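Hello,

Please have a look at it first, then read on.

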Amino acid sequence: MINNFARNLRSRFADELRFVANAKAQPKTIGAVWPTGAVMARRMASIVDPNATLPVLELGPGTGCITKAILARGLAPGKLFAVEYAPEFLTELKRRFPETNILAGDAFNLDETLGEYCDQKFDCAVSALPLLNFPLAMREHLLADVLGRLSAGRPMIQFSYGPFAPVAAKPSCWTVERYDFVLRNIPPARLWLYRKPV
């Protein structure tokens, strides 16, 4: 038991060091100073229905903290499609989650990144992308693209360190609601739910 604890601690510390190094090298694409904490990961994963027929789309898994929380809800690993842009994270994600669909590519170009799965519908989407680092037009394009791949009424969850939603509501295209404010994260973060109008 002590050996398992020590192994998990070393793994977590290695994840954090890897994240910080990449955040310094790529501040625009990483967009955070520290990896997502376990509390926030669980809150983000809480929208996942492990019994849904359709798979789940994860954007920006990074070190895999949210990926782990999604799978901990009971989702079959093969029903998770995780899109990661940073090559530095991909090898470790594939090692840690060998049965999960880890896809290398740009979340802002999902048709190309999903490849043979580009027509796949998803039950929900979990995004840890640093949206505020990108122009509004890119954010709106991504949101419309992702919501177009989800079942009607099902959510995309997105975090933000700012006080407002990273993309404002467009009632004819999508709604936004505040889901939670996670104080136990570095830094504290707000969670937002986006949905297409039903």
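A word on terms: helices (H or I, at least four residues) and strands (E, at least two) are DSSP runs, numbered from the N terminus. On that basis, the protein chain reads α-α-α-β-α-β-α-β-α-β-α-β-β-β along the sequence, which comes to seven helices and seven strands.

This is a predicted model, where local features need pLDDT of at least 70, side-chain atom pairs count only at pLDDT 80 or more, and totals for chains, interfaces and linings use all residues. Residues are numbered from 1 along each chain as its sequence is written, and side-chain values use heavy atoms, leaving out hydrogens and water.

Now to the sheet. Two strands pair if DSSP finds at least two bridges between them. The seven strands form an open sheet with mixed pairing, in the order β3-β2-β1-β4-β5-β7-β6. β3 (101–104) and β6 (175–182) are at the edges with a single partner strand each, so one side of each has no neighbour in the sheet. Within the sheet, β4 (residues 124–127) pairs with β5 (residues 156–160) in the parallel sense over three bridges, and V126 sits opposite I157 in β5.

Helix α7 (residues 136–147) packs on the sheet, touching β1 (56–59), β4, β5 and β7; contact means heavy atoms within 4.5 Å.

Finally, buried residues (under 20% relative accessible area, 1.4 Å probe, protein chains only) make up 46% of the 198 residues in the protein chain.

Enjoy exploring!

Best wishes

Definitions and conventions: Buried means under 20% relative accessible area, exposed over 50%, partly exposed in between (1.4 Å probe, protein chains only). Axes are lines fitted to C-alpha atoms, for helices over the stretch in contact, and angles run from 0 to 180 degrees between N-to-C directions.
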